[in-house]
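Q: Could we go through this model together, starting with a loop and then turning to the contact between chains?

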Amino acid sequence: MVNKIQFMDFIKLYQFLKAETTYSIDDNSSNLSIEKDLKIYGDDAYDLLVKYSKEFNVDISNFNFNKYFNSEIDGISLFILNLFGRKKKIDLTIKDLKEAIVLGKLE
Amino acid sequence: MDYLIEQQILEAIENARKETEWKIKNESVYSLNDILAKSINNNLDKINFSYQDRKEDSAYVYIDNIEIEHVISTVQEHDYTKSAIGTSFVIAGQPLLKKRFVMQGSAKGTSIASKYLSKALPQKMPTRILGTRVLGRALGRAIPYVGWALLAIDVIELVIEYNTEEKEKSFFGGGGSFGGGGAGGSW
């Protein structure tokens with residue numbers, strides 16, 4: 001699959017991400033995290049994934065949103081919750097999105 | 001009255017206040033009016049003495065009678081409106097509303113503020129504010145911060161009120177120490 005990702009053209013994905021997040025990403029960009037680096041979380045992340053699913057025909061039915069993204073919450077509340085040992089979220093990266101396009105599903 | 005004399009009189013009264021406070025703390029039987037009047041006159045005499053030879057028509061300042069009015073100041077109850085609004089705003093920003101996420105297996109949380117404001121104002125902005133381009137969502141994300149700010153202001157106000165109340169409890173408003181209170185301090 002690594003080879004398949006290397007040779008696939010992800011310009012459409014980059015354009016999509018630019019439109020949704022305002023960040024310019026290309027093949028030379030590092031493997032950015034959607035929440036940590038692109039600062040997409042909560043309802044924005046939800047909308048992004050639903051659009052991404054439709055745009056690239058990726059099945060997201062088994063994707064556990066809460067495992068990867070914080071809900072709509074302010075920074076102060078999040079900081080307090082983290083103090084009480086809140087489970088940290090797993091990063092969903094650009095590479096994951098690329099892989100999901102190849103596989104046709106995001107899990 | 002010239003400003004310098006006015007200041008000297010105020011200083012004399014303040015000194016008299018401190019002396020009186022000291023005296024009544026060390027005496028079991030006393031007449032507050034008498035001690036205070038005597039003390040003020042002693043202090044005013046210093047001013048009288050320094051001015052008596054300077055002008056021919058110089059006036060002699062002294063206290064004849066003192067009436068002490070006992071004033072009970074009631075501390076106004078703290079207004080918790082800001083706290084109530086602040087808490088509501090913070091709660092409105094919490095991800096309390098759960099809705100099913102596309103398919104089975106996961107549910108995502110959204111906040112009351114974000115849900116209803118993004119419905120009311122779904123316009124997209126040219127730049128991202130508070131991490132979003134949706135106008136209503138940005139407002140929804142700002143609301144809990146306003147709430148935290150209101151709560152913080154209320155806490156600070158409560159601390160100030162508490163400190164003021166503690167000072168007022170002490171005798172003569174002098175803060176319990178002889179150095180406290182100004183010339184214009186409340187009696």
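**Loop residues and the chain contact**

A: L130(B) lies in the loop between strand 3 (124-129) and strand 4 (132-134) of chain B, where strands (E, at least two residues) and helices (H or I, at least four) are DSSP runs numbered from the N terminus. This is a predicted model, in which local features need pLDDT of at least 70, side-chain atom pairs count only at pLDDT 80 or more, and totals for chains, interfaces and linings use all residues. Residues are numbered from 1 along each chain as its sequence is written, while chains are lettered from A and ligands numbered from 1 in the order in which they are written.

Q: What is the phi of L130(B)?
A: L130(B) has a positive phi of about 50°, although it is not a glycine. Most residues other than glycine have a negative phi.

Q: Why does L130(B) count as partly exposed?
A: Because L130(B) has 14 C-beta neighbours inside 10 Å. A residue is buried if 20 or more other C-beta atoms, placed from the backbone, lie within 10 Å of its own, exposed if 12 or fewer, and partly exposed in between.

Q: And where does T22(A) lie?
A: T22(A) is in the loop between helix 2 (11-21) and helix 3 (42-56) of chain A. T22(A) has a positive phi of about 70° and is not a glycine. With 12 C-beta neighbours inside 10 Å, T22(A) counts as exposed.
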